[in-house]
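Visitor: I've got a model open on my screen and would like a quick tour. Could you walk me through it?

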Amino acid sequence: MRRLPARRAMAASVADQGVVALTGILVVVVAARQSTAAAFAAFAVVYTVATVLTGLSAAYTGQALVLRRGPDARLHAEARGAALFTLVAATAAGAVLLLAGGLAGGATGDAFAALGLVLPLVLTQDALRYGFSLLGAAHGALAADLCRLAVAVPLLALQPDGAGPARLVLVWGVSALPALALGVVLLARATRGARPAPLAAQLRRDHLGRRFAAEFGVGQAGTQLAVVGLGLFANPLAVGALRGAATLFGPLNVLFNAATGFGPPQLNRLHADENKARAAALAAGALALLAAGWGTVLYLLPDAAGRALLGDTWDAAAALLPATGAQYTVMALGVCGLVTLRVVRPRATLPIQLVFSALSVCLLLAGYALGGVLGAAWGLCAGSAAKSAAAWLRVRAELRRPDGGDGGPVQPSPAGPEGAR
């Protein structure tokens with residue numbers, strides 16, 4: 001598999017992000033239509049945990065991998081080593097989930113056990129994407145993810161009405177097998193003759209993945225796990241409603257991911273920090289208007305169309321659309337603010353993520369205590385608004401510094417867009 005020119009590689013990467021996001025949206029939509037509201041709530045709890053584990057794996061292994069430099073032989077070894085490490089780590093994590101789910105029992109416990117069985121397939125297939133990115137062969141990842149989309153959605157749609165959450169999780173995970181096989185074949189061809197890098201290298205104290213995993217943890221996983229906690233210890237239907245509402249805003253996640261991944265290089269083409277901030281502010285305004293418009297469209301969606309998308313979960317999710325729409329609007333501002341900081345003062349993003357992600361969790365729980373699921377949704381919105389304001393206030397402060405920002409090359413954050421998903 002040959003290395004693509006820079007522009008074609010970027011286009012393939014953006015297309016791949018879109019395919020991955022579309023797969024996630026359709027999986028949730030089809031699962032919601034195939035199950036009752038209670039069964040989908042249990043599925044949503046487990047699917048959210050899977051999302052957190054996928055993001056953590058991508059942060060620790062994938063984002064560190066794509067920063068590797070050196071001769072082709074070394075890069076080939078690193079790509080193989082990262083995939084092998086992910087398989088081993090996912091198998092260990094899956095065994096824990098399988099045991100815990102079996103001991104817990106019930107619909108949710110069985111679904112967690114099913115996740116334990118398929119976790120090595122899901123995480124390893126996802127990890128291959130970063131190996132292709134390292135090799136400049138994003139079209140390999142695109143081919144594998146298109147295969148995943150083509151298999152996962154029809155398989156879920158073929159499940160009988162009222163299918164249990166464990167069955168849905170199992171089918172979703174097994175559907176990664178053809179894409180994993182295709183990705184392994186393509187990566188093997190691209191790295192022919194290479195021996196995998198030692199697995200111990202992934203566990204070194206200076207491994208960059210530790211920092212990236214920490215930023216992911218404070219940026220996204222905390223809020224996601226708080227939502228899971230609501231489902232496990234308070235009201236499982238809350239997770240289904242929040243997940244269903246957020247899924248409808250999935251197209252915006254593609255734009256947020258693109259802004260986070262490809263925004264810094266574009267801003268770095270501008271010389272003055274003020275120009276960078278001005279360009280980012282214009283992008284923030286455009287994204288916010290788009291998010292507000294999309295939220296309005298969803299709010300005006302007829303109930304019949306909504307039920308065709310989310311089934312029994314639509315009624316609960318529809319009530320959250322104003323709060324979720326407002327959250328995504330302010331998130332658009334925050335994403336661009338954090339991207340600006342990564343260009344002007346890269347070290348400033350982690351403290352903001354740490355403080356305001358913790359605040360989002362507190363506001364989520366406080367909102368749920370005061371107003372149930374709707375209160376939780378508005379709590380998430382308030383947390384995202386606070387993080388967005390903090391990001392832009394810090395940008396303003398950095399622009400006023402006599403020495404300006406610390407500049408330098410910027411690496412995309414593994415945490416992706418801030419806020420809950």
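Visitor: How many helices and strands are there in the chain?
Guide: Helices (H or I, at least four residues) and strands (E, at least two) are DSSP runs, numbered from the N terminus. By that count the chain has zero strands, and its helices number 15.

Guide: A word on ground rules: this is a predicted model, where local features need pLDDT of at least 70, side-chain atom pairs count only at pLDDT 80 or more, and totals for chains, interfaces and linings use all residues. Residues are numbered from 1 along each chain as its sequence is written, and side-chain values use heavy atoms, leaving out hydrogens and water.

Visitor: How do α3 and α4 pack, roughly parallel or roughly antiparallel?
Guide: Helix α3 covers residues 72-104 and helix α4 covers residues 106-134, with axes 7 Å apart and an angle of about 175°. Axes are lines fitted to C-alpha atoms, for helices over the stretch in contact, and angles run from 0 to 180 degrees between N-to-C directions. Angles under 35 degrees count as roughly parallel, over 145 as roughly antiparallel, 65 to 115 as roughly perpendicular and the rest as oblique. So α3 is, relative to α4, roughly antiparallel.

Visitor: Is Leu359 buried or partly exposed?
Guide: Leu359 sits in helix α15, residues 349-400. Buried means under 20% relative accessible area, exposed over 50%, partly exposed in between (1.4 Å probe, protein chains only). Leu359 has 32% relative accessibility, so it counts as partly exposed.

Visitor: What share of the chain's residues counts as buried?
Guide: The chain has 421 residues. Using that cut-off, the buried share is 54%.
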